[in-house]
Amino acid sequence: MGRVAGKTAIITGGASGIGRAIAELLANEGARVVITDINIDEGKTAARAIGKRAVFMAHDVADEKAWIGVIADTVKRSEEHTSELQSH
């Protein structure tokens, strides 16, 4: 563990298959992962299985406006996590 500790990764198509495997690997190496997918049920299941290092966001990568929301929410979560670490 540790190769990507403290980093945040957005994993598109992370609900299953290769995307889920990448999300699991990055979380195991210390990253916080944001799993995005159009498959909401499998995305939530993947995030729960990975644990506290993962969060799921419903996201269609073909929708340009949706990218703005995913990135903004990811940056906000990352900043909140950094603030928590600095305040302890």
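Asp73 has a relative accessible area of 26%, so Asp73 is partly exposed. That label covers the range between buried, under 20% relative accessible area, and exposed, over 50%, with a 1.4 Å probe and protein chains only.

A word on the source. This is a predicted model, where local features need pLDDT of at least 70, side-chain atom pairs count only at pLDDT 80 or more, and totals for chains, interfaces and linings use all residues. Residues are numbered from 1 along each chain as its sequence is written, and side-chain values use heavy atoms, leaving out hydrogens and water.

Back to Asp73. Its salt-bridge partner is Arg77, with the closest N and O atoms 3.2 Å apart. A salt bridge here is a side-chain nitrogen of Lys or Arg within 4 Å of a carboxyl oxygen of Asp or Glu. Both residues lie in helix 3, four residues apart, about one turn of the helix. Arg77 is partly exposed too, at 37%.

How many salt bridges does the rule give? The count is three. Another one joins Glu24 and Arg20, with closest N and O atoms 3.0 Å apart. Both of these sit in helix 1, again four residues apart.

Then there is Glu29 with Arg3, at 3.8 Å, N to O. Glu29 is in the loop between helix 1 and strand 2, and Arg3 in the segment before strand 1, so this pair ties together parts 26 residues apart in sequence. Is Glu29 buried or exposed? Glu29 counts as buried, at 17% relative accessibility. Arg3 counts as exposed, at 70%.

Now the fold. The chain has three helices and three strands. Helices (H or I, at least four residues) and strands (E, at least two) are DSSP runs, numbered from the N terminus. Along the sequence the pattern is β-α-β-α-β-α.

The strands form an open sheet, order 1-2-3, with parallel pairing. Two strands pair if DSSP finds at least two bridges between them. The edges are strand 1 (8-12) and strand 3 (54-58), each pairing on one side only. Strand 1 and strand 2 (residues 32-37) are joined by five bridges. In that pair, Ile11 stands opposite Ile35.

What about the helices? Helix 1 (residues 17-28) lies across strand 1 and strand 2. Helix 2 (residues 40-50) lies across strand 2 and strand 3. Contact means heavy atoms within 4.5 Å.

Last point: Val75. Val75 lies in helix 3 (residues 64-87). At 41% relative accessibility, Val75 counts as partly exposed.

Conventions: Axes are lines fitted to C-alpha atoms, for helices over the stretch in contact, and angles run from 0 to 180 degrees between N-to-C directions.
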